[in-house]
Amino acid sequence: MPRGASHCRDCKSYQGRQKYFQYLVMIVGFLGTIFGVIAAGWSGVIYILDRDSHTEFKVSGSDDRRIFLGVANSGRQSSTLTDFRLIVNEQTGKEITLELRDADQPLGKNVIAGGGSITVGLSRVLNETLPVWRRGRQLTSKEQQRFFANPHWVDLTFTLEVDVVESDDPCTLCNRPRSHHTRTQRFPAGRIQTFVRKALGGQILGGQI
Amino acid sequence: MKTAIAFLCLFMSVAAAAQRTDAVKIQLLGTACSDLHTVLLVLKGDEENAIRIDDFNKKAVWSSDGTDLPIPFIDVKGTPASLRLGGRRTNCVASAPDKFNDKLTAVFVFHCDENPAWNVKINTWPPIGFRYERSLPGCDKEQAHYEGVATAPDVRFYSETLDLFFGTLPFSLRVNDYPIVEHNVDLDHRHVAAKIVPKIPGAQLSPNSYEVKIAGLTTLRMTVK
C-alpha cells in the first residue's frame with residue numbers, strides 16, 4: 001500500500017483518522033438499535049399502563065350555584081364519576097354533598113371517555129334525597145354560619161373529594177379491595193367565592209352580598 | 001335505652017342539618033287571587049322586612065341572585081311565611097325543600113283566602129318607637145318595629161288581632177288617621193283604650209275597655225310597658 005494512501009484495497013480498511021469512521025458507524029448503529037428497542041418497549045409499557053382509565057380533576061371556579069371542574073382521563077378506557085364531597089377546612093366526618101348539575105345529568109357527563117377531558121358543574125344536593133345515614137354528615141346551618149359568617153372565610157381551605165370508578169374497579173383481589181378510587185384536590189376557598197357567597201351564605205367584609 | 005338514645009342522636013343530627021337558601025318558590029292556589037301584581041312575602045314573622053315582589057304572576061321562583069330582592073338565607077324546610085295580597089292575606093305555611101335550576105329552594109304553597117283585610121296606618125306624635133304584633137290562628141307572631149309611622153298591611157280583622165306596644169305613651173296616637181289617644185286624656189298606664197275604631201266596616205266601639213272589637217272579636221289592643 002503506497003505511503004499516504006487513505007484506503008487499503010487488500011484489507012478493505014481506511015487508514016488514518018478515517019479508519020475510526022467505520023467504528024463510529026457501528027457504534028451509532030448499535031446505539032440506534034438499542035434506542036429503538038427501548039422506545040418500542042417503553043411504548044409497549046405505556047400502552048399497557050394506559051390500558052386502564054386514570055382520571056384526574058382540577059377545580060376551575062364557580063358561579064353562584066355551581067362549582068366547575070376540569071376532568072381528564074389519561075387512560076384508554078372510560079371512567080365514571082360517582083360521588084362528590086366538599087370538605088371545609090379538613091373537618092373529618094363533615095361534608096357538603098354535591099351532585100352533577102341539572103344540565104349535565106341527561107348528557108351523562110359523569111362518564112369520561114378514554115383520553116378525553118371535559119368540564120362538569122356540581123351543585124348542592126337536597127338533604128332529603130340523601131340516605132338517612134349520610135344526612136348527619138352534612139355541614140349543619142350552624143356550622144356553615146360559623147365558617148362563612150366570618151368575613152375571613154376566604155382564608156379557609158376546601159377539599160373536593162370525587163369518587164371515580166376506574167376501569168380496573170372494583171378490585172376484589174387487590175391488597176386493599178376497593179370499589180372505586182377517591183381523587184382529591186385541596187384549593188383555597190377564594191377560588192369558589194361566588195358559590196360560597198350565594199349557595200352557602202358566605203359573607204364578606206363590608207356585609208353580606 | 002341505648003337504642004332510644006341512638007335514635008335521638010340520629011334524629012337530632014338530621015334535624016340540625018337543615019340547609020339554607022335565598023331562593024323561594026311561591027304557589028298560590030285558588031282562582032280568586034289570579035289578578036295579583038304585587039305581593040308582600042313575610043318570612044318568619046318579620047313583617048318589618050317583608051319582601052315586595054312585583055309582577056308576581058310572571059314567574060314562580062324568586063331568588064336574590066341577579067335581582068335586588070332582599071331574600072335572606074332561610075332554612076329550605078320548615079320556614080314559616082305568609083303573603084299580603086292587597087286587600088287579602090294568606091294563612092301561614094311552612095316551606096318544603098326542593099331544587100330548581102341547580103338551586104336549593106324553599107317552596108311555599110299558599111291557599112288564596114278571600115276574606116277581606118285592611119291596611120292599618122299608625123301615627124304617633126311625637127314620633128316614638130313602637131312595635132306591633134299580629135296574631136292569627138295558625139301563625140306565629142308576626143311583628144315589626146317602627147318609629148312614628150307604620151302601616152300594618154292587610155290585617156284580617158275578623159280573625160286576626162293587632163297588638164301595639166309602646167315604651168312610653170305618645171301624646172297623640174292615630175290609627176287610620178282617626179284619633180285614638182290625645183293629649184290630656186286620662187288613660188290607664190298599662191292598657192290604653194281605643195276610643196274610636198279605625199275606619200273599618202263593621203267595627204263596633206267598646207268604650208269602657210281598652211280594646212277595639214269588631215264582630216265581637218278583639219282586634220286592636222294597645223299596651224304601654
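In chain A, a hairpin of four residues connects strand E3(A) with E4(A), where strands are DSSP runs of E of at least two residues, helices are runs of H or I of at least four residues, and both are numbered from the N terminus. The model is predicted: local features need pLDDT of at least 70, side-chain atom pairs count only at pLDDT 80 or more, and totals for chains, interfaces and linings use all residues. Residues are numbered from 1 along each chain as its sequence is written, while chains are lettered from A and ligands numbered from 1 in the order in which they are written.

**Strand pairing in chain A**

- E3(A), residues 55-62, and E4(A) run antiparallel and are joined by seven bridges; two strands pair if DSSP finds at least two bridges between them.
- Within this pair, Ala72(A) in E4(A) is the residue opposite Glu56(A).

**Ile67(A)**

- Strand E4 of chain A contains Ile67(A).
- Ile67(A) counts as buried because it has 27 C-beta neighbours inside 10 Å; a residue is buried if 20 or more other C-beta atoms lie within 10 Å of its own, exposed if 12 or fewer, and partly exposed in between, with C-beta atoms placed from the backbone.
- Leaving aside residues up to four places away in sequence, Ile67(A) touches Val59(A), Ser62(A), Leu98(A), Leu122(A), Ile192(A) and Phe195(A); residues are in contact if their C-beta atoms, placed from the backbone, lie within 7 Å.
- The C-alpha atoms of Ile67(A) and Phe195(A) are 6.9 Å apart, although 128 residues separate the two in sequence.

**Nonpolar cores**

- The largest nonpolar core has 28 residues, of which Leu122(A) and Val196(A) touch the most other members; such a core is a set of buried Ala, Val, Leu, Ile, Met, Phe, Trp, Tyr and Cys residues joined through C-beta atoms within 7 Å.
- Two or more residues of this core come from each of strands E4 (67-73), E5 (79-88), E6 (96-100), E8 (117-124) and E9 (157-165) and helix H4 (193-199) of chain A.
- With five residues, E9(A) gives the most to this core.
- Apart from this core lies another of 24 residues, including Ile26(B), Leu43(B), Phe73(B) and Leu83(B).
- Leu122(A) touches, among others, Ile67(A), Leu69(A), Phe84(A) and Leu98(A), when residues up to four places away in sequence are not counted.
- In soluble globular proteins, nonpolar side chains tend to be buried together.

**Contact between chains A and B**

- Chain B contributes 17 residues to the contact and chain A contributes 20 residues.
- On the side of chain B that touches chain A, two or more residues come from each of helix H1 (2-15), strand E9 (96-100) and strand E10 (103-111) of chain B.
- H1(B) gives the largest share of that side, three residues.
- By class, the side of chain B that touches chain A comprises eight nonpolar, three polar and six charged residues; Ala, Val, Leu, Ile, Met, Phe, Trp, Tyr, Cys and Pro count as nonpolar, Asp, Glu, Lys and Arg as charged, and the others, Gly among them, as polar.

**Chain B and its domains**

- Chain B has one helix and 21 strands, and 33% of its 225 residues count as buried.
- Of the contacts in chain B between residues at least 6 apart in sequence, 58% join residues at least 24 apart.
- Chain B is divided into domain 1 (19-111) and domain 2 (118-224), with bounds from an automatic or database domain assignment.
- The contact between them takes 15 residues from domain 1 of chain B and twelve residues from domain 2 of chain B.
- On the domain 1 side of this contact, E7(B) gives the largest share, three residues.

Definitions and conventions: Two residues are in contact if their C-beta atoms, placed from the backbone, lie within 7 Å.
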